[in-house]
Amino acid sequence: MYACLYAPGNLAVLLECAQYFSPHIEQTTADTVVLRIDGLGPLFGSPDQLATAIANRIGIPANIAIATEPDTAIHAARGINGVTVIPPGSEAKVLATLPLSLLGSTPETAQILDAWGIHTFGQLAALPPLGIAARLGEEGTYLRELARGESSRQLRPIEEPLQFEDTLELDYPVDLLEPLAFLLARLINDLCQRLSSRALAANEIRLCLFLEDRTQHEAILKLPVPMRDPPAFLKLLQLELDARPPQSPVVKIRMALEPVKPRTQQQNIFLPSAPEPERLEITLARLMNLLGAENVGSPRLRDTHRPDSFQIDRFSTLKKSPDQSVPPPRLILRRYRPLKHAQVILSNQHPVQVSSQRIHGKVLTSVGPWRTSGEWWMPEPWDRDEWDIALTDGALYRIHEDRRTGRWFLEGNYD
Amino acid sequence: MTAAAALREHVRSALIHRFDVDFTLHQKPAAEMVSTGFDALDSLTGGIPRTGMTEIYGPPSSGRMSLLVSLLAQATSRQECCALIDASGAFDPAGAESAGVHLPNLLWVRCGGNAEHALKAADLLIQAGGFGLIAMDLADLDLRDAQRISLASWFRLRHAAEKMRSSFVVIGREVNAKSCSNLQIALHPRQTHWTGKLFDGFTAQAQSAKTSRSTDVRLSVRPR
């Protein structure tokens, strides 16, 4: 059974009233709302009593119709004032007097029916089905079914926007992270269960802690891959709160998960396995807590000729290396960071002795200088003469002279 | 035939009809090896163990970092995820990329010269699993700091690497893990090559510490 509420210009009232009676609601048009009323008998009694209850609840003049099919209820509510309850089997009889304009047919069909002298539901319902099908096709057959109250369809319920957010108000302020973790676990478990029931995952966790000193402590964790793992979420939040604890006891917790479709990945049996994203996230969070976020990640070279210029990106296992052959091994420089200042003695414009905090020795062989410079238009240009040297300690180094300041630096050793 | 062998044969013949097993000692399967990128070194040691611990040690300018970068290049070319625990932050990304390392597949962890942090990072990364190669660079650490790492820690790391099927490679100035490592490669600089006014590279001697066999490895700044 379905009930239709019709009140032009009062959509909000109609929706509020419909939501009071049923969770299955269709907003058909801006003035029509249909709700499913199966199972409401034990609560409100017969369909007549239910219609009266709806009329009392709605509180404004509205047409209300109850029928076995949604389209029948819609037509009755639009065409008959007041409350109409259509018993099963008498749909055609009740709808017979309604004008055809309520059917919503195409202008061409409406014109043909008007030319035939068909103006009401009852006249259309009385026409032979084969004749209608032969002359008006599929639309004609459908309109005849509507006019007889025989059409059947499923309700198209309103889909509320998905929100995975929960709030927990505490009786007493919590000032330690350990008891707070229990409360967070409760929220996370509930939210993950809701995600699971809709086959979704989350790619962002937003935590807002309301503190006793009337300030807020916010933490936003962006996940590189969609996840739905409560222990992993809890560990990530714990690590975040360990690194950045709230400055005052917590009186209220609000947590929200950003829902996304879960990742679908077909594993290739010919490729090596990569770290599991959930475990990797926790490991990276632990490493960042230990060493700082700037010291953990994938290096990426900057688009510049400046020596030793790179940035650290977040490490992800989703980037696959292109299939290419490996070049022959080559000599690599171990860099000293930050650059070590060195004192260099020159003879015939060649370094003959180098001493710094790190090394000290006579130069056995030196080649250079190799001059490089660039970014003269920037606040910090570089302009240097590089030398490769072999020292008496048996090691090979690269040193350079900053031509702007005249200072020498130990850049690294070949290893 | 000794008495023990005779007794063993007697038990075997008595039980052979009931149990379809042969009375032989369990043979440990040969370790899977992966290439180092250096043909001479591969023919010396067969590569490095696919699962387990390898220690590479030698003085400065003996080719330790170049060998490590070559291992990383080989691993990333196999589309494996790699991690480098850089105790002193000496890794050169530009040089590594030119040597064939696919940098997005490399997790670089800089420990600011703290051996304890490096050890903890290694523990976390090995336990995380899924990394094909995990390297730890202790070469610039103070010798006393590196030697302060207990044998129990090294053994735990090796055991975890074997369990997680990762290759764990450590480079340093001296041998630290001792018997805990599956393979030890000692490197010694032999000859520096200068071509006119160009530094061309050097030759290092690589020695397998367990077999005492050695070979020469040529490292060039601009390989042909």
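**Note on aromatic contacts, barrel and domains**

1. B:Phe131 is buried, its relative accessible area being 1%, where buried means under 20% relative accessible area, exposed over 50% and partly exposed in between, with a 1.4 Å probe and protein chains only. The model is a predicted one, in which local features need pLDDT of at least 70 and side-chain atom pairs count only at pLDDT 80 or more, while totals for chains, interfaces and linings use all residues. Residues are numbered from 1 along each chain as its sequence is written, chains are lettered from A and ligands numbered from 1 in the order in which they are written, and side-chain values use heavy atoms, with hydrogens and water left out.

2. Over all chains there are eight aromatic pairs, a pair being rings of Phe, Tyr and Trp (its six-membered ring) with centres within 6.5 Å, called stacked if the planes are under 30 degrees apart, edge-to-face if over 60 and tilted for the rest. Among them is A:Tyr20 with A:Phe21, an edge-to-face pair with 5.1 Å centre to centre and 85° between the planes. A:Tyr20 is partly exposed at 47% relative accessibility, whereas A:Phe21 is buried at 7%.

3. The pair of A:Phe315 and B:Phe131 is stacked, because the ring centres are 6.1 Å apart and the planes stand at 25°. Since A:Phe315 sits in the loop between strand S11 (310-313) and S12 of chain A, and B:Phe131 in strand S6 (residues 131-137) of chain B, this pair joins two chains. A:Phe315 is buried as well, with 2% relative accessibility.

4. A:Tyr20 and A:Phe21 belong with A:Phe44 to one aromatic cluster. A:Arg57 lies over the face of A:Tyr20, at 3.9 Å from the ring centre, and in chain B the residue B:Arg110 lies over the face of B:Trp108, at 4.7 Å from the ring centre; the rule asks for NZ of Lys or CZ of Arg within 6 Å of the ring centre and within 35 degrees of the ring normal.

5. In chain A, six strands form a closed barrel in the order S12-S13-S14-S15-S16-S17, with antiparallel pairing. Strands are DSSP runs of E with at least two residues, numbered from the N terminus, and two strands pair if DSSP finds at least two bridges between them. S12 (residues 333-347) and S17 (residues 407-414) of chain A pair in the antiparallel sense over six bridges, and A:Lys340 has A:Leu410 in S17(A) as its bridge partner.

6. An automatic or database domain assignment supplies the domain bounds, which for chain A give domain 1 (2-148), domain 2 (165-260) and domain 3 (333-414). Taken over C-alpha atoms, the centres of domain 1 and domain 3 of chain A are separated by 89 Å.

Definitions and conventions: Helices (H or I, at least four residues) and strands (E, at least two) are DSSP runs, numbered from the N terminus.
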